[in-house]
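Please look over the model shown here before reading on.

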Amino acid sequence: MTYRDCPDFLSFDNWTVLVSNIGQVLDTTEEESARDTYWHYVDASKLGIGRAGNEQVTLCRNGEPIREYTPPDFGADCDF
């Protein structure tokens, strides 16, 4: 049974985690996994670790942002 085939009483929320320099890093129906992944990337962003360092992190439910971390100096080096 796929997500689209589920009757309303069995419907699941779709959770995604987005990191600005990486893209979508998680797509799941498990809220706990999504929240754990979100906080993992927020920590990496705050610590400046790897590609996620100093990058924006967004947690979405059914395509709508519900939580977002933006580092204090995000975009400061852009020449717009």
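Beyond its neighbours within four places in sequence, valine 57 is in contact (heavy atoms within 4.5 Å) with Val17, Leu18, Val19, Tyr38, Tyr41, Val42, Ser45, Arg67, Glu68 and Tyr69. The model is predicted, so local features need pLDDT of at least 70 and side-chain atom pairs pLDDT 80 or more, while totals for chains, interfaces and linings use all residues. Residues are numbered from 1 along each chain as its sequence is written, and side-chain values use heavy atoms, without hydrogens and water.

A nonpolar core is a set of buried Ala, Val, Leu, Ile, Met, Phe, Trp, Tyr and Cys residues joined through side-chain atoms within 4.5 Å. The largest one has 13 residues, and Val17, Tyr38, Val57 and Leu59 touch the most other members. At least two residues each come from strand 1 (15-19), helix 1 (31-47) and strand 3 (57-61); helix 1 gives the largest share, five residues. Helices (H or I, at least four residues) and strands (E, at least two) are DSSP runs, numbered from the N terminus.

The four strands form an open sheet in the order 2-1-3-4, with antiparallel pairing; pairing requires at least two DSSP bridges between two strands. Strand 2 (23-28) and strand 4 (64-69) each have a single partner strand, so one side of each lacks a neighbour in the sheet. Strand 1 and strand 2 pair over five bridges, and tryptophan 15 stands opposite threonine 28 in strand 2.

How values were computed:
Buried < 20%, exposed > 50% of the residue type's maximum accessible area, 1.4 Å probe, protein only.
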